[in-house]
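Please read the points below with the structure open beside you, and check each pairing as you go.

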Amino acid sequence: MLKVGKIAPYFNVSFYKGVRMNKIFFLLLFVVGLSAQTVGGVAVVVKGSAITLLDIKKEMDNQNLDADRAVNLLVRKKLEQIEIKERGLSVSSDDVYDEIKKTASRNNLSVSEFYKAVRDSNGLSSTDLKEQVKYRLLSQKLHAAIAYSHISPPTDSELQEYFELHKDSFERPSAFSVIIYQSSNKARLQEKINNPMFYAPDIQTNEQLLPYDRINPKLASLLTKTEVSTFTPIIPDGKGGAMSFYIKEIQNSEETKIDSVKTEISNIIMDNKREQVLSDYFARLRHSADIKIIRKPE
């Protein structure tokens with residue numbers, strides 16, 4: 001017969017407490033783990049690299065896409081990132097800064113003014129902007145590497161055919177009659193646009209005739225898209241302030257000749273060819289890659 005005194009030490013109270021606390025601890029870890037999976041849950045895995053539900057929801061909001069299109073876009077981006085890494089492509093911080101400086105210069109802004117304009121309009125910090133520019137430069141390198149040997153410049157017959165099929169899209173105004181509203185205070189300028197009768201002595205006005213072929217192409221595009229008797233969206237004025245153009249009249253031009261738009265047409269055709277090559281390439285890559293779609297936002 002066993003003696004109680006020999007067995008009792010194995011069933012003491014502290015032992016029971018220890019076992020119970022360990023079970024509770026591991027249960028809590030398990031519950032926390034499940035919670036983390038739900039909140040930041042992995043939605044898609046592309047060659048071992050995760051896309052989360054949060055990534056998809058951000059893409060849906062930022063690009064105004066449904067879940068399927070957002071997933072497709074993010075999978076494409078993920079495949080590009082993996083290709084960039086596998087090919088060993090890189091850009092330096094100097095490359096990134098030079099690109100930002102060029103973009104700022106094209107908008108008649110200093111780099112610091114450009115950072116501020118981006119932050120005010122998109123909420124992006126300078127660090128976020130640099131990351132976006134870096135990825136864009138890397139993507140350009142990748143796309144060039146993929147498409148370089150697969151596309152050739154368009155022939156004259158291709159240019160002529162495209163021009164004949166899209167002649168209406170190459171019609172250009174000859175000039176814009178505008179009133180330029182300019183202010184150091186963007187809010188005051190917006191108030192003036194909302195209520196043109198509003199008196200604002202701190203807003204300068206300047207009436208001008210802007211020839212289409214003598215202004216910045218981006219400004220020409222903006223003015224072309226703006227209806228007569230309306231204001232353009234507010235844009236930076238290059239001096240730390242803001243400006244908007246009121247369109248009084250758009251003067252029509254003579255019929256566009258192909259010689260004046262050959263470069264533009266060539267660029268369009270090359271872009272179309274490049275995108276077709278890239279689409280085919282990444283479609284094949286996606287077909288052969290290990291991609292697991294676990295779930296999508298509800």
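1. At 7% relative accessibility, Glu83 counts as buried (under 20% relative accessible area, where over 50% is exposed and anything in between is partly exposed, with a 1.4 Å probe and protein chains only). Its side chain meets that of Arg87 in a salt bridge of 3.1 Å, N to O, a salt bridge being a side-chain nitrogen of Lys or Arg within 4 Å of a carboxyl oxygen of Asp or Glu. Arg87 is partly exposed, at 38%.

2. This is a predicted model, in which local features need pLDDT of at least 70 and side-chain atom pairs count only at pLDDT 80 or more, while totals for chains, interfaces and linings use all residues. Residues are numbered from 1 along each chain as its sequence is written, and side-chain values use heavy atoms, with hydrogens and water left out.

3. Glu83 and Arg87 are four residues apart in helix H4, and therefore about one helical turn separates them; helices here are DSSP runs of H or I with at least four residues, and strands are runs of E with at least two, numbered from the N terminus.

4. Glu86, which is exposed at 52%, forms a salt bridge of 3.5 Å, N to O, with Lys47. This pair links distant parts of the chain, since Glu86 lies in H4 and Lys47 in the loop between S1 and S2, 39 residues apart. Lys47 is partly exposed, at 36%, and has a positive phi of about 50° in the turn of the hairpin that S1 and S2 form.

5. Arg76, Glu80 and Glu275 are linked in a network of salt bridges.

Conventions
Two strands pair if DSSP finds at least two bridges between them.
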